[in-house]
Amino acid sequence: MDYSDKISDVVKKVPPSAIRRFFDLANEMKDVISLSIGEPDFVTPWNVREAGINSLVDGYTHYSPNAGYIDSRKAISKYISDRYGVDYDPNGEILITVGGSEGLDLVARALINPGDEVIIVEPCFVAYKATVAFAHGVPVVVETKPENDFKLQPEELEAKITDKTKYIILGYPSNPTGAIMTKEDLSKIRDVLLKHPDIFVISDELYAELNYVEDKPSSLVQFEDIKDRVIMINGFSKSFAMTGWRLGYVLGNRSLVAAVTKIHQYCIMCSPSMSQFAIIDALKNGLSYVDEMKDEYNHRRRVIIQGLKDAGLECFTPSGAFYAFPSIKGLGLSSEEFCETFLREKHVAIVPGNAFGECGEGYVRISYAASMESINTAMERLAEFVKELKEGKYNA
Amino acid sequence: MVNRMELLKLIKNNAKLCPREIAVMLGTTEEDVQAELKALSDEGIILGYTTQINWEKTEKESVIAMIEVKLSPMRNRGYDHIANLLCKYDKVASCYLVSGDYDLMLIYEDDNLREVASFVSEKIAPLEGVLSTKTHFILKKYKIDGIVSDRNDNDDRQTVIL
């Protein structure tokens, strides 16, 4: 029996991921080089894995407190204080979540009343729009452009603010563009926020440690006068190569954290205990690994930028995360057509830019969380492909 | 400008990289990389470029022994004299002065056990100043210079939408 009409309206209204079909195709093919995956290719550093194992050996197999073990929260508090120069009280201002994604969902449910607007800066991580829609909010899109280095422009943000605007989701360093917002860029956003005292910001900083131009992360939480209105979503997946551990955290004003914790305690209870033990070690001993991984990503980033240049594709120079977002405009194919033909003909998987918002059309996302060997081969094939496209080989 | 430590780390992990590739990875020019490589070589920092080979997977029959050598130091020359003497043998792959129960640790490679035994008894033991030796034959190599021999390079990450 088909129950599809029984599904709730909000869920029905959210379209399935545009790239599902594309990934199904990639999965069917053999010998595909994948530069499509949004997670580190590194395995979690051994000392961190060992800490997780030891917690099991020692019998820590129970629930933790709802907000997370206090030692884990203290470790996070210290790390944020060291890296951002901002203090959060482990008792009441930190909630440990199941990855950064849970945080996005919790905040949406905690803040949105039906009809509230949430400003989303596209192209962006695919979950932003969906979490807002699931919480009966109305996503309002601000587009960013390569001529502005894919940074959010204060005047363009302000133009989208209405009396229904509840919060803005800011995801920098950006998936998919690799753009960052420096302290100076952020200060202009802060000026806008000062004019609109009722608007909150969700700052998704999962990629904060993967910043190739700044030594320490820049964040809106560093501005004392708006800190209370900024909810930071952060985690270990990207920086510490811990995606499968599902561990993130939400930092913010006590009342906001209490609200998200209320939802978390009823829906999730607590985050995985083993992972919470592992991150204590990650924060204590793992930062040197982060630097090593970052150096390696940085090498690959430069190879990708050079490879794209050699292939004749225009690309904004990414400064963070592990993605490049070159333009494929003028080659006669849409993003999806480009990626699908490239996959079929050259066996390299990359992601069409329109998956990250309408303004991502005309671009593709290339992840450099893959071995240098894969990257080199993929770039050679891309150059071939672009040349063949220009010669009209794949014209319908 | 080339960051010397960054360059060394890169080629330590992959000696096959050519200056052009290194230049891209470090965000500098090919000429600068070449100049720095030459300087590193001239200063005796880069000693050579070798390949890590898992001989067990080839037809070559060979044995590797770690030989502990206890010495009595020679007047004015310490341990250097004997160490330098032992280094002259091509089959001595490495030679280290170490702290602890013995003084020199040699890594020695030869065709078979008999050859190793005769090297120890005929070349090392009779040397003046050698007090004793202890020979360990390597049975299996699990990790060589940071490379795990039985590694799995497959990218088995599953596709997720993000």
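## Strands 7 and 8 of chain A

Let's start with a pair of strands: strand 7 (residues 230–235) and strand 8 (residues 248–251) of chain A run antiparallel and are joined by 4 bridges. One of the pairings sets A:Asn234 against its bridge partner A:Tyr249 in strand 8 of chain A. A word on terms: helices (H or I, at least four residues) and strands (E, at least two) are DSSP runs, numbered from the N terminus, and two strands pair if DSSP finds at least two bridges between them.

Keep in mind that this is a predicted model, where local features need pLDDT of at least 70 and side-chain atom pairs count only at pLDDT 80 or more, while totals for chains, interfaces and linings use all residues. Residues are numbered from 1 along each chain as its sequence is written, and chains are lettered from A and ligands numbered from 1 in the order in which they are written.

## The sheet of chain A

Zooming out, chain A has an open sheet of 7 strands in the order 2-8-7-6-5-3-4, with mixed pairing. Strand 2 (94–97) and strand 4 (138–143) of chain A are at the edges with a single partner strand each, so one side of each has no neighbour in the sheet. From one strand to the next, the twist averages 20°; angles like this use axes, which are lines fitted to C-alpha atoms (for helices over the stretch in contact), and run from 0 to 180 degrees between N-to-C directions.

Which strands does helix 4 of chain A touch as it packs on the sheet? They are strand 2 and strand 8 of chain A, and the direction of helix 4 makes about 110° with that of strand 2. Here, touching means contact: two residues count if their C-beta atoms, placed from the backbone, lie within 7 Å. Helix 9 (residues 254–267) of chain A lies across strand 2, strand 7 and strand 8 of chain A, at about 30° to strand 2.

## Helix pairs in chain A

On the helix 4 side, A:Asp71, A:Ser72, A:Ala75, A:Ile76 and A:Tyr79 meet A:Gln276, A:Ile279, A:Ile280, A:Leu283 and A:Lys284 of helix 10 in chain A. Sorted by class, this contact has 6 nonpolar, 2 polar and 2 charged residues; Ala, Val, Leu, Ile, Met, Phe, Trp, Tyr, Cys and Pro count as nonpolar, Asp, Glu, Lys and Arg as charged, and the others, Gly among them, as polar.

A second pair is helix 2 (residues 20–28) and helix 12 (residues 335–346) of chain A, whose axes come within 11 Å and cross at roughly 5°. That makes helix 2 of chain A roughly parallel to helix 12 of chain A. A:Phe22, A:Leu25 and A:Ala26 in helix 2 meet A:Glu336, A:Cys339, A:Glu340 and A:Leu343 in helix 12 of chain A, and by class the contact has 5 nonpolar, no polar and 2 charged residues.

Most residues other than glycine have a negative phi, and most peptide bonds are trans. Against that background, a cis peptide bond joins A:Glu122 and A:Pro123, with omega about -5°. A:Pro123 sits in the loop between strand 3 (117–122) and helix 6 (127–134) of chain A. Another cis peptide bond joins A:Asn175 and A:Pro176, where omega is about 20°; A:Pro176 is in the loop between strand 5 (165–171) and helix 8 (183–195) of chain A.

Chain B has an open sheet of 4 strands, ordered 2-3-1-4 with antiparallel pairing. Strand 1 (residues 63–71) of chain B is joined by 7 bridges to strand 3 (residues 104–110) of chain B, and 7 bridges also join strand 1 to strand 4 (residues 130–137) of chain B. B:Ile67 has B:Leu106 as its bridge partner in strand 3 and stands opposite B:Thr135 in strand 4 of chain B.

How many residues of chain B are in contact with chain A? There are 9, and they contact 19 residues of chain A. The chain B side of this has 4 nonpolar, 2 polar and 3 charged residues. For the complex, the predictor gives an ipTM of 0.77 and a pTM of 0.89.

Note on methods. Angles under 35 degrees count as roughly parallel, over 145 as roughly antiparallel, 65 to 115 as roughly perpendicular and the rest as oblique.
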